[in-house]
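Have a look at the model first, and then we can walk through the fold and the interface together.

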Amino acid sequence: MTCTEFLALLDDLIDDSVTPETRAELQQHLRGCDHCEVTLSTTRKTIEIYRSHEIYDLPADLRERLHAAIMARCKKGC
Amino acid sequence: MATIQSIAGELEPHPDVALVERVRGGDVSAYDELVRKYDRQIFRIAQHITQNREDAEDVMQDAFLKAYEKLDQFQGNSKFYTWLVRIAVNESLMRLRKRRTGKMVSIDEDIETEEGSVPRDLADWAPDPEQNYGQAELAEILRKTIQGLPPGFRIVFVLRDVEGLSTEETAETLGLSIPAVKSRLLRARLQLRERLSRYFRRKKGAKK
Ligand SMILES: [Zn+2]
C-alpha cells in the first residue's frame, strides 16, 4: 500500500468503517511509515480538539433572552 | 444503512417524536423542551456558518420559529434534529449571502483547492498540545483556524465532526451527494490539521 492509498482511506479508518482486511493492510502500512502515522494521529487529535472545546459559547443570559423571544412568538401562534 | 436505521427507528421511536406530537396537539411547553434541547447546537452551527454573532442570534430565533410554523410539514422519516439543522443551515447561508453581496457563497459548488490534500507538515505534535495554551487563547486559535476554511468544507466538518451527524444526514441536510460530503470532510480535516500543526507541533529540543 502506498501513502496515497493510505490517505484515501484515512477517513474510513478514523470513522471506523473499514473491513477487518483493509484495517490490517492499513495497520501494516502504518508500521513502516512514520509520515502516515503522524498524519493519522494528528488528524484524530484535530477532530477531538474541535469536538471537546466549545468555541462559540451561548452565554446563559443571551440564551434566556432568545429563548423567551422564541416562546413568546410561538405562543402567539407566530 | 439508512434502511436499517429507519427500521430500528420504528421499533424504538426517538424521544423527540413524542414531543413533536405534543406540540402538534397544541402543547407549547413541549416546544419549549425541544428548543432547550437543541438551542446550543443551532447557535453554534449558525456561528460557524455566518461567523457573526448577531446573525447567529437571528438565525437561532428564525430557525426555531420557522420549524414551529412548519411542524406540520415535518415527516417522521428524518430526525427532528436533522430537520431543524437543515432549516438553520439555510437561514445561515441566507444571512451570509446578504452580508457578502457580490461574493459567491455556495456550498454545492466544489472548491478547487489542493491545500491539505497532501500533508506537508509532518512534524509530530506535542502530547496534549492544547495544554500549552490558556482556554481563551486556545479558543481563539481554533476559531481562527476553522474560519479560514472555505464555507463548503467548514459546514461539512462542523456537521459531521463537531455536531456528530452521520455522513448520510450531512448529505441530506446540505443537499450534497455522499461522495461529495466524504471528499469535503477529508479535505477539511486535513486542512485543519495542517493549519493547527503550526501551533501544536512538538517544539525542537522539547523533552518527549
Ligand atoms: Zn505512508
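Buried area is the accessible area, taken with a 1.4 Å probe, that two parts lose on being put together, summed over both. By that definition, chain B and chain A bury about 4300 Å² between them, and carbon and sulfur atoms account for 63% of this area. On the chain B side, B:R36, B:L65 and B:R189 lose the most area to chain A; together these three make up 14% of what that side buries. The contact involves 49 residues of chain B and 38 residues of chain A. Please keep in mind that this is a predicted model.

Now for chain A itself. Its secondary structure consists of 5 helices and 0 strands, which gives the pattern α-α-α-α-α along the sequence. Chain A is more spread out than a compact globule, because its radius of gyration is 22 Å, well over the 12 Å that the globule rule gives for 78 residues. Along the principal axes, its C-alpha trace spans about 65 × 25 × 20 Å.

What share of the contacts in chain A between residues at least 6 apart in sequence join residues at least 24 apart? The share is 54%.

| Property of chain A | Value |
|---|---|
| Buried residues, of 78 residues | 44% |
| Distance between the mean positions of the 10 positive and 14 negative charges | 15 Å |

How values were computed:
Residues numbered from 1 in each chain as written. Chains lettered and ligands numbered in written order. Predicted model: local features only at pLDDT ≥ 70, side-chain atom pairs only at ≥ 80, totals over all residues. Heavy atoms only, no water. Helix = DSSP H or I, 4+ residues; strand = E, 2+ residues; numbered from the N terminus. Rg over C-alpha atoms; globule rule 2.2 N^0.38 Å. Buried < 20%, exposed > 50% of the residue type's maximum accessible area, 1.4 Å probe, protein only. Contact = heavy atoms within 4.5 Å. Lys, Arg positive; Asp, Glu negative; His and termini not counted. Charge placed at Lys NZ, Arg CZ, Asp CG, Glu CD.
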